[in-house]
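Trainee: Please show me the model, and let us then go through its interfaces and folds by question and answer.

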Amino acid sequence: MKSLKKFALGMAVAGLSATAVAAENVKIAFIDPLSGAFAATGTNGLHQFRFAADELVNENGGVLDGQMFEMVAFDNKTSPKESLTQLQVAIDQGIRYVVQGNGSGVAHALTDAINKHNRRNPDDQLLFLNYSAVDPALTNEECNFWHFRFDAHADIKMDVLTDTIAENEDIEKVYIIGQDYSFGKAVASAAVRMLAEKRPDIEIVGNELHPIGSVQDFTPYARKIVSSGADAMITGNWGSDMLGIGKAAIENGFSGPVYTYYGAADGITAAFGETGVGSLKLVAEGGNNPPSKPEAQEYIRAFKDKYPDGNISQARITNVIQMLAMAIDEAGTATDVVKVAEALEGMEFTDSLWSDNPLVMRADDHQLIQEVHILGHVPVEAPFDFDNSGYGMQYENSVVAAGEDLPMSCEMDRP
Amino acid sequence: MSLFIVNILDGFVTGLLLFMLCSGLTLIFSMMGVLNFAHASFYMLGAYFAYQISMFTGFWVGLIVAPIIVGVMGALIERYGLRRVHQYGHVPELIFTFGLALLIEEFVQFFWGRQQVPYNPPAALDFTAFAIAGNTFPAYKVFMIFMAIGLFLVLLYILTKTRIGMTIQAALSYPETVQNLGHNVPMVFMGVFGVGTAMAGLAGVIAGPVMGTFPGMAFTLGAIVFVCIVVGGLGSLWGALVASLLIGWIQTFAASYNLRMEDLLIWLGFEKPMLIWESPWQDLWTLTLPQVGPILPYLLMVIVLVLRPQGLFGKRET
Amino acid sequence: MSTPSTNPLTAGTSRLIPLNHALPWIIAAVVLLLLPVIFESRGALTIMNQMAITIVFALAYNMLLGQGGMLSFGHAVYMGLGGFFSMHVLNWMSDDPWLPLPVLPIFGGFFGLLFAFLIGWFSTRRAGTTFAMISLGVGQLVASMSIIIVTFFGGEEGISGDRTEMLPFFGWDFGQQQEVYYLTSVWLLIAALGMYLYSRTPMGRLANAVRDNEERAEFLGYSQRNVRWISFCASGFFAGIAGALFAINFEILTGENLNLATSGQILLVTFLGGVGFFIGPIIGAIVFTLLQTVLSLHSEIWALYVGILFVATVMFFPFGLTGLLALHVLPWKLGKIGYLVKPYAKMAIPGLVFVLSSAAVLEILFHARHAGRGDNEMTIYWWLTFDSHSPLPMIIGLVLAGVSAYALVKLVPGLKAAWDEATKMGEAGK
């Protein structure tokens, strides 16, 4: 049995080293779900990263003196535990940059682990580039020097969303519903607080949380929403919960706007189809469908040629890749991540694809300040639609440098 | 009041759907003495097969063909899998069905991917049957009700009035005697397993369009189905019916009424802390009924099992 | 799930612990001591730590399933609660530490025991399906609580702590993976030895008796319920230790540690290894952790392979991987293991070809269905690169699988004959 154990471990290490290819490349660990319930989102994200790295950096000669970006995928199965194991494997491979986005729980685990690791191992520190986890705490109470966030966080998005609601005189009653966990609660409390400031006359006719991922039939919730007489509803739901609550509400007679955080792509646009037109709204950064710039249109066409089932649903991924490349060039090194982080801090970046306004990586809390939009679900022609469904998202309202004036509570220790 | 009536109807639909799964599961249990963990996986397979068929031929062909395919698969799994494991005892049998559930989920992901597939109700039923005070009731749900009741009546008729039904009932209690009388008991077992899984498949076909067709659909429903037959009493068809409807209503009403723990605590004479978010009891004070709705069935199950291990209508202990 | 008592691998064949029984433990200790010299990378250390934790948890689980015949679908509760409480103890002490980190698992064990005591009070009244269903229900309830009671469980992001904030232990502050590895290994040995010795106490034997025939045990004057309850508590204690080790290693606990998937996984691990043997769960934990961490680096459909392996194990080797190994003990003792070498060698090549080609067929099918359009090229087994959309590789894969399967079927009678020969008593003069 001992020899078996030894043999097995030998296999393990053979397996680990087999993926470690020695090269001059700048390796970026992609730690997100590639199997399990959220694999579709994770795989699509990986494709976007690979494509962005190839098109935007490697095609142009890479960084420094010709070093290429190489995405190394790690399947975390949406589990914090697996993420930490894979993080150790990534560190072994000499990786200095970690990108992750699906799930604030995993992001909390990673930012905490990387912070501890960098403190305990000053010789091989690494940076965490968070492209999608939007819990405000990550750049507030829990912020640290090694973490950078490229998506607008939940409060920023809610700021834009409530601005839009406040401008709409027809909305007098709002129903808030979300999944029962930290993010759902954060969305609900931000909505209540900001609506009270901006439109005290709006009545919150419902504010509730439902268990995450275990409601089979959303009809009873839809009934409540319809009976409450709400003019608009707000939900932070994602995945099948997003689909469930949105479809149930619309099919049971709710006709007002449904403001969502994650009501597009990853199968959701296709599943809503015609039902969502006129109701489904999304708050997000990134591009219109189709984007206005020809470069961006070309970029999407090329992406769809390569990944016909994929979506450019997270435009911020190109920002992560381009800003990291700029920072490495500016720092003159890809291995001293403190220098790269210092170059990234406060960086102003003009996006050639999605936005005309410069993006700023705020130095105080490492939160990217960018343009955020409200988008509506409308028919869109291929290849600029989502899920090849003939539907996509188009701008209805935009806020430049969204959330710049929101309060922040980050106290960062710098090395 | 009108909302109450609508909730009764919605809960009725959920309950009947649960019953379509429970009836097959409880039959299989009473026959083979094994809880089939993969039962909800056959429900999922039904939905996916029907989706695949509906892409070519439309909804109605899928309604008939998909459950048959699922039933045949079920029968084959009984014949070549379960029967083999049966000789090792009940625990390996239970573990086999558990593994089967995992495997079926992986296969579904393998072939159809991890996203929800766009499986929708047929156009012919895509209208509002009636509305109660602004709450619309889709025609498709009326169709679901009729399908489930129809299935129950057919099942009841077969089990109590036909020769084959008598044989099944006899084989449940005295398998050796029935065997000695010249009946092919293994064949009966295989048939019952096939029919049970076909019923689960049928439930999947008609539930897929409303509940969503995605790889997690078996997992979310599977545990609840277990709860139903355990609460109703293992092996009891009537128990399964009562428990299914009970749980359907519990879930619907728990989601519909925002009863708050806060009100209860104040009524009991407690004082709400001023700064609720700094109180260690914040979670208790902010608890609402919809939050705990989905765990109520499990609570019910644990209580029933502790107080009456044979279930509400069960005759024997397990 | 009992096995022939002639088998030296079974726990509980003789009442004494002779010296030669101590030998495996000494070897285990030496191997554990030397492993990090061979595998010094962080990844390997983390995987070994994870293995050690899974081993403790699986052994604890097998105290129920293997020794007590109780099938639990919610055992993650005790490991998880042990871990959560340990983490709170760690955080509570971090301001003013008065204990070193290595004693933390005692707290985990204590809280695991406490909850096993409370829940076991009503859940162990009956065995069989009733017990299994109560464990499922309780598992669901506790898992849901982890989302509802945020003050204790920390919601989605869970609770985290810093293990270096406890008192240093002989100069070690456990900042490095290697230090944590040794801590985990020592606890692994302590826990495994504890569970092994427990299985040889009268209490451990009684658990077997109740498993095999509860009425008879009752007639002999032992309350079957109390026997189950005590086994349950002991299992909860060791599961809690595993939870505390998890807290030390990962420095974070989340709802994931309590949910049904974790409970189901430990059942899978234990059964895969073999429930009838003391070392079964150990082998299961090692194999499963490797599959989970290493195979998933190489294949997106690793979970499918695990599923197939699991179902195949239940169908063909209900005594698990250890059972398979244990079958060879008799030929070994008879000195006839050599009889089996030739048929095994004959089967090795077709067997390997069958496994590799079937996996290749699945990989090609998966790649063709799910990879991007321009992405027709795929590589398997590190050097074999081809176009997944052309029919040729698929046909080659299917043909190879078919031919090797045919060859295997043809070779089975030969193996059977050799097997009968090797297990025949007498001739060797023993």
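Mentor: Two residues are in contact if their C-beta atoms, placed from the backbone, lie within 7 Å. This is a predicted model, in which local features need pLDDT of at least 70 and side-chain atom pairs count only at pLDDT 80 or more, while totals for chains, interfaces and linings use all residues. Residues are numbered from 1 along each chain as its sequence is written, and chains are lettered from A and ligands numbered from 1 in the order in which they are written.

Trainee: Which element gives the most to the side of chain C that touches chain A?

Mentor: The contact takes 43 residues from chain C and 43 from chain A. Helices here are DSSP runs of H or I with at least four residues, strands are runs of E with at least two, and both are numbered from the N terminus. Two or more residues each come from α1 (19-38), α2 (42-68), α5 (128-148), α12 (280-298) and α13 (302-316) of chain C. The top contributor, with 9 residues, is α12(C).

Trainee: How many residues of α5(C) are buried?

Mentor: α5(C) reaches 31 Å from its first C-alpha to its last, close to the 30 Å expected at 1.5 Å a residue, where the expected span is 1.5 Å times one less than the number of residues. A residue is buried if 20 or more other C-beta atoms, placed from the backbone, lie within 10 Å of its own. α5(C) is largely enclosed by the rest of the structure, because the buried residues number 18 of the 21.

Trainee: Which element supplies the largest share of the side of chain B that touches chain A?

Mentor: In this interface, 28 residues of chain B are in contact with 29 residues of chain A. Elements supplying at least two residues each to the chain B side include β2 (135-138), α9 (217-232) and α10 (237-256) of chain B. The largest share, 5 residues, comes from α1(B).

Terms used
A residue is buried if 20 or more other C-beta atoms lie within 10 Å of its own, exposed if 12 or fewer, and partly exposed in between; C-beta atoms are placed from the backbone.
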